[in-house]
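The following briefing concerns one protein structure.

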Amino acid sequence: DKGQFDAYHAGSTATLCIHDQKTKKYLVAHVADSTCVLGKFNKTGEALTRDHKPELDDERARIEGAGGQVIFDGYANHRVYDKTGEAPGMNMSRCLGDLHAHRDCGVIAEPETKILEVRPDDAMLLLCSDGVWEFTEPATAVGLVFPFFKKGQATQAAEKLAKHAWDRWMKEEQGAVVDDITVICIFLNKKA
């Protein structure tokens, strides 16, 4: 039906961050391949999450143990299939939704979580969908948004990184395809 969402064949990534300013700690939880990057004041970037890809040893073992298959698509990705080898063909080993993959292939929705302390050299967190990270390294992303940090302009920082990701897709794929591009920017420490 029009306007209905079919969770049997559709799913989503999810990355969540809860920043407790009183305790100076933050929780990061995620499923799939939307990555959280910690940006430092020296403009380096470090991924705090790992992409849940079916070719990872632990993820492959769970999928195959549940009766699913991991098959290389001959192009760029390993994909998850049921025992028929016809569906769902997803390139993630965890997600929200996609009930077919959960029921028949060993895909799970359980997030990986971390609780971290905000350190004095921590400037920002960037929570971005995989379309941002396809052609942009964490340090490049941090460098692009850092000028907005001192001004407290998180929205403008996110817009700058999203535009950069879009431009890279246009260049690398000659405008033929652009993956999803979502950016959330969280400033952690205020430093003069």
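Leaving aside its neighbours within four places in sequence, with which residues is T182 in contact? T182 is in contact with L127, C128, S129 and V132, where contact means heavy atoms within 4.5 Å. The model is predicted, so local features need pLDDT of at least 70 and side-chain atom pairs count only at pLDDT 80 or more, while totals for chains, interfaces and linings use all residues. Residues are numbered from 1 along each chain as its sequence is written, and side-chain values use heavy atoms, with hydrogens and water left out.

**The loop between α5 and β12**

- T182 is placed in the loop between α5 and β12; helices (H or I, at least four residues) and strands (E, at least two) are DSSP runs, numbered from the N terminus.
- With 45% relative accessibility, T182 counts as partly exposed; buried means under 20% relative accessible area, exposed over 50%, and partly exposed in between, for a 1.4 Å probe and protein chains only.
- The C-alpha atoms of T182 and S34 are 8.9 Å apart in space, although the two residues are 148 residues apart in sequence.
- G175 also belongs to the loop between α5 and β12, and at 40% relative accessibility G175 is partly exposed.
- Not counting residues up to four places away in sequence, G175 touches W169 and M170.

**The largest nonpolar core**

- The largest nonpolar core comprises 22 residues, and M124, L126 and L161 have the most contacts inside it. Such a core is a set of buried Ala, Val, Leu, Ile, Met, Phe, Trp, Tyr and Cys residues joined through side-chain atoms within 4.5 Å.
- Two or more residues are given to this core by each of β11 (122-128), α3 (130-133), α4 (138-149), α5 (154-172) and β12 (183-187).
- The largest share of the core, 7 residues, is supplied by α4.
- Apart from neighbours within four places in sequence, L161 is in contact with L126, C128, V132, T136, A141, L144, V145 and V183.
- In soluble globular proteins, nonpolar side chains tend to be buried together.

**Helix α4**

- The buried residues of α4 are P138, A141, V142, L144, V145, F146, F148 and F149.
- The elements that cover these buried residues include β4 (35-40), β5 (45-47), β11, α3, α5 and β12.
- At 1.5 Å a residue, the 12 residues of α4 should span 16 Å, and its end C-alpha atoms are 16 Å apart, which agrees. The expected span is 1.5 Å times one less than the number of residues in the helix.

- K40 is found in strand β4 and is buried, with a relative accessible area of 14%.
- Leaving aside neighbours within four places in sequence, K40 is in contact with D121, D122, A123, V142 and F146.
- K40 and A66 are 26 residues apart along the chain, and their C-alpha atoms are separated by 40 Å.
- H19 is found in strand β2 and is partly exposed, with a relative accessible area of 22%.
- Leaving aside neighbours within four places in sequence, H19 is in contact with K25, Y26, V118, I186, F187 and L188.
- A separation of 13 Å is found between the C-alpha atoms of H19 and L38, which are 19 residues apart along the chain.

**Backbone geometry**

- Most residues other than glycine have a negative phi, and most peptide bonds are trans.
- The peptide bond from A87 to P88 is cis, with omega near 0 degrees, and P88 lies in strand β8 (residues 88-90).
- K24, a residue other than glycine, has a positive phi near 60 degrees and is placed in the loop between β2 (14-20) and β3 (25-31).
- D98 is not a glycine, yet has a positive phi of about 50 degrees.
- D98 is located in the loop between β9 (96-97) and α2 (99-105) and is buried, with a relative accessible area of 7%.

**The largest pocket**

- The largest pocket has a volume of about 400 Å³, and of the 16 residues that line it, N77, N91, E134, W169 and D179 are the closest to its centre.
- On a 1 Å grid over the protein atoms alone, a pocket is an open set of points where a 1.4 Å probe fits, with protein on both sides within 12 Å along at least five of seven lines; lining residues have an atom within 4 Å of a point.
- Grid points are joined across faces, edges and corners, and a volume is the space filled by probe spheres set on the points.
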